[in-house]
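Here is a short report on one protein chain. Look at the sequence and the fold first, then read on.

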Amino acid sequence: MKPLTIGYLLLLVLALSLCQLPIANSLFNKFSVHIINGLNNQTIDVHCKSRDDDLGLHHLPVHGEFMWKFRVNIKSSTLYFCKWKWVKGHKTFDVFTTDEQFLGKYCGYDYCRWQGREDGLYGYSEKRRQYVFAYKWDP
């Protein structure tokens, strides 16, 4: 085999092995985060950021949604967090991280869904196919 052909073969093997890692698929595909107001009659203010991106302040009406898409960085260290606020409380927490336990508990294959309700904040578990309680509102 020619040295150039061996190089291509090694590159192909590396690419295929990366595709076997759960988060590696998001290096090639877009991931999305959905922020949903599940309150009965109040607006939620949500301000989401990463180290590199400030997604701004969003005023979500009842059943309103804010969503964005992105690719995980090459170091697989992408992290987004949001500050949620309404008349009865507030909370700041990570809404996306590449941690496998986090993804398994609060996310689906290529998305994370979060919903603010009167009693707290819920993440959607693809494994359970329902929202699961994650955080209580801070006063």
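Start with a hairpin: β2 and β3 form one, with four residues between them. Helices (H or I, at least four residues) and strands (E, at least two) are DSSP runs, numbered from the N terminus. This is a predicted model, in which local features need pLDDT of at least 70, side-chain atom pairs count only at pLDDT 80 or more, and totals for chains, interfaces and linings use all residues. Residues are numbered from 1 along each chain as its sequence is written, and side-chain values use heavy atoms, with hydrogens and water left out.

**The chain overall**

The chain has three helices and nine strands. Along the sequence they follow the pattern α-α-β-β-β-β-β-β-α-β-β-β. Of the 139 residues, 40% count as buried. Buried means under 20% relative accessible area, exposed over 50%, and partly exposed in between (1.4 Å probe, protein chains only). The accessible surface of the chain comes to about 8700 Å², and 56% of it belongs to carbon and sulfur atoms. Such areas come from the Shrake-Rupley method with a 1.4 Å probe; for residues, only the protein chains shown count as cover. Contacts (heavy atoms within 4.5 Å) also say something about the fold. Among those in the chain with a separation of 6 or more, 52% are between residues 24 or more positions apart.

Two strands pair if DSSP finds at least two bridges between them. Strand β2 (residues 44-49) runs antiparallel to strand β3 (residues 54-60), and five bridges join them. Here I44 has L60 in β3 as its bridge partner. β2 also pairs with β5, again antiparallel, over five bridges. In that pairing H47 stands opposite K83 in β5.

β5 has a further partner. Eight bridges join β5 to strand β6 (residues 89-97), and the two run antiparallel. They form a hairpin with two residues between them. F81 stands opposite D94 in β6. What lies on each face of strand β5 (residues 79-86)? Y80, C82, W84 and W86 make up the covered face, while L79, F81, K83 and K85 make up the uncovered one.

**The open sheet**

Five strands form an open sheet in the order β4-β1-β7-β8-β9, with mixed pairing. Its edge strands are β4 (65-70) and β9 (130-135), each pairing on one side only. Neighbouring strands of this sheet are turned by 25° against each other on average, direction ignored. For such angles, axes are lines fitted to C-alpha atoms, for helices over the stretch in contact, and angles run from 0 to 180 degrees between N-to-C directions. Strand β8 (residues 120-125) and β9 run antiparallel, joined by five bridges. S125 has Q130 in β9 as its bridge partner.

**Disulfides**

The structure holds two disulfides. Each is a pair of cysteine sulfur atoms within 2.5 Å.

| Disulfide | S to S distance |
|---|---|
| C48 and C82 | 2.0 Å |
| C107 and C112 | 1.9 Å |

The link of C48 and C82 is right-handed, with 110° about the S-S bond. C48 lies in strand β2 and C82 in strand β5, so this pair ties together parts that are 34 residues apart in sequence. Are these two cysteines buried or exposed? C48 is buried at 0% relative accessibility, and C82 is buried with a relative accessible area of 0%.

The torsion about the S-S bond of C107 and C112 is about 90°, so that disulfide is right-handed. Both C107 and C112 are buried. With the bonded cysteines numbered in sequence order, the pairing is 1-2, 3-4.
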